[in-house]
Structures are given as C-alpha cells and as structure tokens.
Amino acid sequence: MAYQSTNPFNAEVLATFVEHDAAELESRLARAADCYDNAWRNTTFAERAAVLAKAAAIMRERTDEFANLITLEMGKLIAQSRGEVQLSAAILDYYAENAERFLAPEILPTKTGEAIVESSPIGVLFGVEPWNFPYYQIARFAAPNLMAGNVIMVKHASNVPQCAQAFEKLMQEAGAPAGAYTNLFISKDQVAQVIDDVRVRGVALTGSEAAGAVVASRAGQNLKKTTMELGGSDAFIVLEDADLERAVKSAVMGRMGNAGQACTASKRFIVVESLADAFLAQFKAALANFKPGDPMNKETTLAPLCSEDALQHLLNQVQQSVDKGARVVIGGARMDHPGAFMEPTILTDIDTSNPAYKEEFFGPVALFFRVADENAAIALANDSPFGLGGSVFTQDIDRAKRVASRVETGMVFINRPASSAPDLPFGGIKNSGYGRELSGAGIQEFVNKKLIRVA
Ligand code: NAP
C-alpha cells in the first residue's frame, strides 16, 4: 500500500500518494546533498534562525489549517491537534533562539597552547517518523539539526502523508533553500537504500522497537550514528501519602491523552495497597465518562484510534491478556460506535507470565497493579523491557525524588503525568532506545565535536 490518508472516524479515504520511483528518490537525495555542500552549511546561525522563526510564525498564524490535517489523518481530538501545532512552533522558535549558544565553540584549558572544540554539521540526516504526533515528532528532529547546519530528509508514517507534505511546504514557505528539508514517500526497501547512501551521515527513528531494530542495524552496518526513540510502558507509581484526587486526575490525563497513543503515556498503574481500592474505583468512574464522537467536534472526549488496524491489534492484546488470566474492570471491547473506537479499559490481575506484563498497549488500556510498599513499586516499575518515562505520586517531594532516582528510565515526572517541552530532554534507555531529543542535549547528537589544537 502506498501513502494514504484515511479518516479513522469514518474510514473515508481522503488522499493517496504514489511512492517515489528510483529517479525521484535520487533527485531528492542529490538536491539535499547539494544544498548541504553549497548552501545550508555555509549559512550563519542568524540566517537559519530567520527560516525557523518564520516557520513557527506561519504555524501559529495558520494553526487551524495545520491542526485539521492531524485530526483528519490520525483522529486526534481537535483541541489536542491545536496544542501540538503550538508546541511544534515553540520547538522551532526555541532552537532558532538558542542554537548558537548551545553550539558555541568551547575553549579547553590545556597546559600549553590553545585547544578549541568546535561543533560542526555532519551532512544529510535521515529521519523515520511516526504518525502519533505528526508535526511535533518532525519538529524535534528537524529544528535542532537544521540550526546545526545539517539538512533533513524525512520518511513519515504512511498514514499521515498530508501532514508530511504540509511540513515540507512550511519549510519552503519559510524560506529554506530547496533540499534543506525534504519529505520522502518511500518504501521500506528504499529506506534501506537511503541509509546505505554515502551522502547520508546520520539516522534518527521514532517508532516501535521492531522498526528501530531494523533501521539501527542497517545504519550500524554502514557505521552511521543513530538516535532511537522507541516504545514505552511507563509506570505510574502512587504511594500511600499521595494526593488521591490529583493522582486520579493525572492518571486519566496520562492514559487518555492522544487516545492513549503516546510513547510516554502512563501505562502501568502501580498503587500501594492502602490506596489501591479507592484509586481503582475513582479511575474506573472517570474512564466511564468518556464519550466517543467526531474528533473535529470540540465536545468529543474520546477520539478514535489512528486506524482500524491499530484497533484490531489492541483488541487482540486485550484478548490474549484475558486468556492468560487478566481481569477486565471496565471496557475491554470495541466501542458500540462507528469508527476505530476502543472502550477505555482497565486490566488487573496481570501476573508475570501474562504477555501484558511486558508489552506496550498503544491505546486507552490501563494495566493496574497493587503493591505492598515503595520498594515493591520500584521493583515492579523496573521489571520492564522499556525505560522511557514514568510518574511518582507522593506529597513528600524529597521522597519522590529518591524514588525517581531509583526508577530506571530516561524521564520521571513527580505528581504529574509525562509531558514534553522544548527545553526538556526527551528519550529513554533499554528497549525504549538511546539518544535525546529536545533541550540543549538534542542539538548535540549529530554534530562533529571537532578539536582544533594550536601548537
Ligand atoms: P512503527 O510501525 O515503528 O512506525 C514508525 C515509522 O517507522 C513509520 O514511518 C513506519 O513507516 C516506519 N517503519 C516501520 N517499520 C519499518 C521498517 N521495517 N523499515 C523502515 N521503516 C519502518 O511505529 P508505530 O506503531 O506506527 O508507532 C508507535 C510506536 O512508536 C510506539 O511503540 C510508540 O511508543 C513509539 N513512539 C516512540 C516515541 C519516543 O519518542 N520514544 C514517540 C512516539 C512514538 P510506515 O508507516 O510506512 O510503516
């Protein structure tokens, strides 16, 4: 199947795009390499910043136009789509404003002479990106790397081709020279070809573990640097001294945002015995209130999943968990409503042999665990192949920080669900990947830290 926009609310096919043939792909690669060599790498920070700031301004001016495409292609609630457009613009502005400072030459103290470490661009970078935040995911890869002087090629997910094109057009309108930002409608074989291409110097992927393993190993064979932002099954730890009302509100936000389709969604709810029953009852009551409907309608609270396939996959996971002994507290089935809607679901009684214990549920399905105490909560949180984010709820902030230090992930949030901001590093460990995006860390991944030594 080629690149296709299908509205998951009503299954209407909105647009179909053919994949590039060999000649088109070659011409795009050649244009990107030429842009790097003869134009973009020679621009000043101020010139690059002007392009990114213009792109941010256009996104803000035309928020609805950008947001509508997200909602049409992958079903996100329209208010959340608008939020994503604003966040993407903020990322573009953040790197426009701070890149020069982040990449300023560093003078090293040496016993004799002079030593400087310069941060120079490395060339054409290739990104493989997911559909769940169609602009934000691209912005966090493209903005820092364009500011560093690299040029960007992106293979976006095949279900969000209109968003993919909209971002390419945005960069053109903002004044980026041809080849500085290139969208690619390419097959998986062509992805391998692009990774192999000598003109491509680095590869970033955000997506599943399976795709990450394929892309990272191909890049490894070519000795090319990668960053991998993969899946997660974030723990949401509630200790006995937590503010219960706040914890439940946060649990609902953490699990239900983007219809549960976020890598850092709260997925495993680990609650200390003394609060477990009350937490579960209130969480269940809150999930029962979600109303499915057109995600374009401001009144709708439950969005469809991004596709019928995604819904079928999630339903299978739930069924397998139940077959292995999990108990459904609420939900568990497809919603009685047209479109790819999943009932908000809570599963309990998940033992260590249940596949659910180690899997990521990419949708509104919460896994609930009760534990004896803080140590048991941390042990359970860490008993996961993933290590992306997580949350800890307690009114004792010093205690929360101690717990956070023991949770083996790239990010831990205290008394709130996970969130993302331009100035905060984002990324994981273990099967959640490696490398960081956003903040000062995100701009250092694909630059040459070049030592210049004066005798
Ligand atoms: P996915 O199937 O891995 O797709 C992500 C991207 O990889 C898409 O562009 C996809 O293209 C491409 N792709 C898939 N298999 C490939 C292969 N064998 N070779 C080359 N490219 C390949 O991921 P998804 O299921 O759509 O997205 C959800 C996953 O992403 C979840 O696991 C989620 O946790 C993770 N995620 C992680 C982060 C993070 O920052 N850590 C952020 C968001 C999402 P096609 O669309 O053409 O298949």
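Across the interface of domain 1 and domain 2, nine residue pairs are in polar contact, with both residues of each pair at pLDDT 80 or more, whereas the count of salt bridges across this interface is zero. These values, like those that follow, are computed from a predicted model.

On the side of domain 1 that touches domain 2, helix 3 (63-74) and helix 4 (78-102) each contribute at least two residues, and helix 3 gives the most, with five residues.

The domain assignment behind this description places residues 3-230 together with 432-454 in domain 1, and residues 234-421 in domain 2. The C-alpha centres of domain 1 and domain 2 are 30 Å apart, and the contact draws on 23 residues from domain 1 and 30 residues from domain 2. About 2,100 Å² is buried between domain 1 and domain 2, with carbon and sulfur atoms giving 62% of that area. Of the area that domain 1 buries against domain 2, 30% comes from F9, L77 and S432, which is more than any other three residues supply.

Three strands make up an open sheet in the order 3-4-20, with antiparallel pairing; its edge strands, each pairing on one side only, are strand 3 (106-108) and strand 20 (447-454), and the twist from one strand to the next averages 25°. Strand 4 (residues 114-121) runs antiparallel to strand 20 and is joined to strand 20 by eight bridges, and the bridge partner of P121 in strand 20 is V447.

Definitions and conventions:
Residues numbered from 1 in each chain as written. Predicted model: local features only at pLDDT ≥ 70, side-chain atom pairs only at ≥ 80, totals over all residues. Heavy atoms only, no water. Pairing = 2+ DSSP bridges. Helix = DSSP H or I, 4+ residues; strand = E, 2+ residues; numbered from the N terminus. Axes fitted to C-alpha atoms, helices over the stretch in contact; angles between N-to-C directions. Domains from an automatic or database assignment. Contact = heavy atoms within 4.5 Å. Buried area = accessible area lost by both parts, 1.4 Å probe. Salt bridge = Lys/Arg side-chain N within 4 Å of Asp/Glu carboxyl O. Polar contact = N/O pair within 3.5 Å; in protein donor to acceptor, adjacent residues only side chain to side chain.
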